[in-house]
Amino acid sequence: MAEALTFDLSGRVALVTGASSGLGAGFAKLLASAGAKVVLTARRADKLAEQVAAIEADGGQAIGVTMDVTDAASTAAAYDAAEAAFGTVDTIVANAGVATEKMAMGLSVEEVDFLLAANIRGVFLTATEGARRLDKAGSRERQHGRIVLIGSITAEKIFPATSVYGATKAAVRHLGKALAREWARRGISVNVIQPGYFASEMTAELFESDVGAAMIKSFPRQRMRPASDLDMPLLMLCSDAALGITGSVITVDDGQML
Ligand SMILES: NC(=O)c1ccc[n+]([C@@H]2O[C@H](COP(=O)([O-])OP(=O)(O)OC[C@H]3O[C@@H](n4cnc5c(N)ncnc54)[C@H](OP(=O)(O)O)[C@@H]3O)[C@@H](O)[C@H]2O)c1
């Protein structure tokens, strides 16, 4: 019988952005439980410390590093801290993102810039800073670079009050494919996970409202699924199994896009 597929990430060094809450905190915990040394980054140091403590309590190895994804210097400094602690980061989850719950006519220019900065500039800086370092560390020969960008189904389907947010996620989808093409011969796989709606700080207000309840009723399966639905796709894309998978987009949405 064939050996069961496992996603053992021991020996790998992962950096997760937006790891202070929500999906990113879950991704960090998951990667640590699979054996990776994990660098959790975000702006809120206290929340990072809580997540690091939880990982360590489970026997995992992790550090928290403050990082603002919109800022190139902050991003470079976080990678420096990660390298000093664990060595070259070979597994990057560009997860940090922000959303607004406003229709386009109510969005201010400042809110538009806020969405673009975190969701596009942030993902670009996180991926390129990591890729440059991987390239220098010999990813072309070692083939060990794994980058996963967290997009959203709003990149492809129009949901209420997601005009600019969805546009930023369409940009993430595009970036994932473009960077995968640029780095194809550098031993770096770049893929995108497009989650549907899951419970998190970002969506808490929406799903406590009548609009949110109506949205859930409109979903094909009329339910919300736990964010752990994202675990297997993430582990797979971070593992050796993804050596031959690059430029792909995996949607995990319980059919919400249908
Ligand atoms: N939940 C969903 O239904 C859903 C669906 C599709 C896609 N997504 C995507 O999944 C990702 C995670 O979202 P979530 O639902 O887990 O939301 P969340 O709980 O609000 O988490 C967002 C994370 O991003 C961090 N962040 C925001 N701006 C940042 C910045 N400038 N620099 C560094 N970190 C920053 C936040 O940390 P600090 O505030 O501490 O910096 C936080 O850890 C986002 O990209 C989101 O668009 C979520």
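**Around the ligand**

The model is a predicted one, where local features need pLDDT of at least 70 and side-chain atom pairs count only at pLDDT 80 or more, while totals for chains, interfaces and linings use all residues. Residues are numbered from 1 along each chain as its sequence is written, and side-chain values use heavy atoms, with hydrogens and water left out.

Arg-44 also puts a polar side-chain atom 2.8 Å from a ligand oxygen. With Phe-198 it is a polar backbone atom that takes part, 2.7 Å from an oxygen atom of the ligand. The protein covers 95% of the 880 Å² of accessible area that the ligand has on its own (Shrake-Rupley method, 1.4 Å probe).

As for the shell, there are 30 residues around the ligand, and Arg-43, Asn-95, Tyr-165, Phe-198 and Ser-200 come nearest (a residue counts as near if one of its heavy atoms lies within 4 Å). Sorted by class, the shell has 13 nonpolar, twelve polar and five charged residues. Helices H1 (22-33), H6 (163-182) and H7 (201-208) each supply at least two of its residues, with H7 giving the most, three. Helices here are DSSP runs (H or I) of at least four residues, numbered from the N terminus.

Turning to salt bridges, the structure holds 13 (a side-chain nitrogen of Lys or Arg within 4 Å of a carboxyl oxygen of Asp or Glu). One of them joins Glu-83 and Arg-133, with the closest N and O atoms 3.1 Å apart. Glu-83 lies in helix H3 (residues 72-86) and Arg-133 in helix H4 (residues 109-136), so this pair ties together parts 50 residues apart in sequence.

Definitions and conventions
A polar contact is a pair of N or O atoms within 3.5 Å; within protein, one must be able to donate a hydrogen and the other to accept it, and residues adjacent in sequence count only if both atoms are side-chain atoms. Ala, Val, Leu, Ile, Met, Phe, Trp, Tyr, Cys and Pro count as nonpolar, Asp, Glu, Lys and Arg as charged, and the others, Gly among them, as polar.
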